[in-house]
Amino acid sequence: MPLAEPLSERDDALRLLAAQGERARAGAGRLVLLRGATGTGRTALLGAAAEQAAGRGMRVLRGRGTPDDGGADWGVARQLFGADADFLREPPASAGTSPAEHRRTQGALLWRLLETYARRGPLFVAVDDAHAADAASRRWLTEAARLVDGLPVLLVVTERSQYDIDPAGHGLAHGLSPALVHTHTLAPLSAGAAADLVRAAFPGAEPGRVADCVRAGAGNPLLLRALLHDLSSWTESAAEGTSAALPETCAALYPGAYPDVVSWWLAGAGGSTARAARCLAVLESGEADRAAAARTPEPAGDGIGRD
């Protein structure tokens, strides 16, 4: 079964990035911030844009924030520049240098390194999951966005953005002039695009089954791909073109990709959101059980003991 196309309905974003890449190649660098909820395809889009830029002669530098990097300075910056940025590991030159002064010196040296790279040719700097990057790298990226307009450098950064009960901190572009950053938010998949993906996976699916899968995917490309993957494993031994019945609950797919994606989404949503989602799931399950019981007819008695 072919998996859902990860970049469905992302042509507008690729066109934007291609145009910004040409602008950077002409010497007018900029920051493009790709925002979206978990599973909307930020990483896949960034990868496709990096391939597109490389095909047009830009050198690609890659880095990615992870929760493990949160307490270590310059983790993302070291990914971008590799061994050329080994100076970021050096301790302060003297006991009288404060940590803040040392970080400013490192940031200045890092900027000079970026300028050196840019003199050799246009750059596409791709940073995924900036919300999870270490603080030093985030500060440097924000400062670079203020200075990059005179260089052949396109900074493309992805950032998680969705409604959660716990308020999110300031994003990377907080405090930047709109003239320095172009923000593009990834929209959920439309119902039509999601239905096309289901039919591509299961050509023989009935309309009701397609609608069920679209609803279960919730417009989220990653969630829908995981669901179609799990359903395909159910039908490997069935006749070709047969569509699997959609189970009543997510638990029925365990162990599978769909429950894993749901768990991953909850883990990234924060403790309050995860607890609220689980409470709602329990309440909904209880309502479903009561509704099913109400539909079940009472067993016929034998009349013993009745008046």
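At 11% relative accessibility, Asp 129 counts as buried (under 20% relative accessible area; exposed is over 50%, partly exposed in between; 1.4 Å probe, protein chains only). The model is predicted: local features need pLDDT of at least 70, side-chain atom pairs count only at pLDDT 80 or more, and totals for chains, interfaces and linings use all residues. Residues are numbered from 1 along each chain as its sequence is written, and side-chain values use heavy atoms, leaving out hydrogens and water.

**Asp 129 and its partners**
- Asp 129 forms a salt bridge (side-chain nitrogen of Lys or Arg within 4 Å of a carboxyl oxygen of Asp or Glu) with Arg 42, at 3.0 Å, N to O.
- Asp 129 sits in the loop between strand 3 (123–128) and helix 5 (135–147), and Arg 42 in helix 2 (residues 42–55), so the pair ties together parts 87 residues apart in sequence.
- Helices (H or I, at least four residues) and strands (E, at least two) are DSSP runs, numbered from the N terminus.
- Arg 42 is buried, at 9% relative accessible area.
- Asp 129 also forms a salt bridge with Arg 64, with the closest N and O atoms 3.3 Å apart.
- Arg 64 lies in strand 2 (residues 59–64), 65 residues from Asp 129.
- Arg 64 is partly exposed, at 39%.
- A salt-bridge network links Arg 42, Arg 64, Asp 128 and Asp 129.

**Helix 7**
- The buried residues of helix 7 (residues 207–217) are Val 210, Cys 213, Val 214 and Gly 217.
- They cover an arc of only 100° around the axis (directions from the helix axis to the C-beta atoms), which puts them on the same side of helix 7.
- Just after helix 7, Ala 218 takes a positive phi of about 55°.
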